[in-house]
Amino acid sequence: QVQLVESGGGLVKPGGSLRLSCAASGFTFSDYYMSWIRQAPGKGLEWISYISNSGNTIYYADSVKGRFTVSRDNAKKSLYLQMNSLRAEDTAVYYCARGRAFWSANYYFDYWGQGTLVTVSS
Amino acid sequence: QSALTQPASVSGSPGQSITISCTGTSSDVGGHNYVSWYQQHPGKAPKLMIYDVSNRPSGVSNRFSASKSGNTASLIISGLQAEDEADYYCSSYTSSSTWVFGGGTKLTVL
């Protein structure tokens, strides 16, 4: 069965950095686009980034552009999010989510991890 | 990209039907048929309930249906059950090759 397991969250000071990981299993990771989506405490969902199956195409939300970098290692079946210059407003649960297969035209997220909490505070 | 507009809360009694609206623009909801809906129980990850405006993934109850008219999408839950109490989010792919979510709607089953 499809599983996505995030890790790497924790407490970091404003201006600091953190790297999140998402380990995938149960499907051919290299075939799928992947996204990061976050949820601030008590707030709604916010899409922040996606990366194509090959890693050649990447998009970011304006709120994180220039500060966050998404990458993937298909051999390790892993997705990453490098977060720099963190701000208090980046405090959230970060989810990785599976997007479309490279051959499909689907634009939804069918599997989500359980999330990892990032807290930015001094 | 501004968030899609959803009502903050809706409620209904067991067995009744409710509708949750999701209003966007011609750059997202109204621009194509890539609207999806997610259910989220407290402390849990979101679950895909509807994709491509009105399609249900395998395993999702047929009590859940959805539609779209212009820039507004709607999720309809019929035969309300206690287990339906959750937060619901709409989402749309956009003309900028990004995604936008609605602010979320808290469904209370009375």
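In the class counts below, Ala, Val, Leu, Ile, Met, Phe, Trp, Tyr, Cys and Pro count as nonpolar, Asp, Glu, Lys and Arg as charged, and the others, Gly among them, as polar. The model is predicted: local features need pLDDT of at least 70 and side-chain atom pairs pLDDT 80 or more, while totals for chains, interfaces and linings use all residues. Residues are numbered from 1 along each chain as its sequence is written, chains are lettered from A and ligands numbered from 1 in the order written, and side-chain values use heavy atoms, without hydrogens or water.

Q: What is the volume of the largest cavity?
A: On a 1 Å grid over the protein atoms alone, a cavity is a set of points where a 1.4 Å probe fits but cannot get out; a pocket is an open set with protein on both sides within 12 Å along at least five of seven lines; lining residues have an atom within 4 Å of a point. Points are joined across faces, edges and corners, and the volume is the space filled by probe spheres set on them. A search of the whole structure finds one cavity of 30 Å³ or more. The largest cavity has a volume of about 60 Å³.

Q: Which element gives the most to the lining of the largest cavity?
A: The lining includes A:Tyr33, A:Met34, A:Ser35, A:Arg100 and B:Trp99. Two or more lining residues come from each of strand S4 (32–39) and strand S9 (92–101) of chain A; such strands (E, at least two residues), like helices (H or I, at least four), are DSSP runs numbered from the N terminus. With three residues, the top contributor is S4(A).

Q: How do the residues lining the largest cavity divide?
A: B:Trp99 and A:Phe109 are among the lining residues. By class the lining is seven nonpolar, three polar and one charged.

Q: Which residues lie nearest the centre of the largest pocket?
A: The largest pocket has a volume of about 450 Å³. Its lining holds 26 residues, and those nearest the centre are A:Glu46, A:Trp47, A:Ala61, A:Ser63 and B:Gln1.

Q: Which element gives the largest share of the lining of the second largest pocket?
A: The volume of this pocket is about 320 Å³. Its lining has nine nonpolar, five polar and two charged residues. Strand S1 (3–7) and strand S10 (111–112) of chain A and strand S4 (47–50) of chain B each supply at least two. The largest share, three residues, is from S1(A).

Q: How far apart in sequence are the parts that A:Arg67 and A:Asp90 tie together?
A: Over all chains there are six salt bridges. In one of them A:Arg67 pairs with A:Asp90, the closest N and O atoms being 2.7 Å apart. A:Arg67 lies in the loop between strand S6 (58–60) and strand S7 (68–73) of chain A and A:Asp90 in the loop between strand S8 (78–83) and S9 of chain A, so the pair ties together parts whose separation in sequence is 23 residues.

Q: What is the phi of B:Ser97?
A: Most residues other than glycine have a negative phi. B:Ser97 sits in the loop between S7 and S8 of chain B. Although not a glycine, B:Ser97 has a positive phi of about 65°.

Definitions and conventions
Salt bridge = Lys/Arg side-chain N within 4 Å of Asp/Glu carboxyl O.
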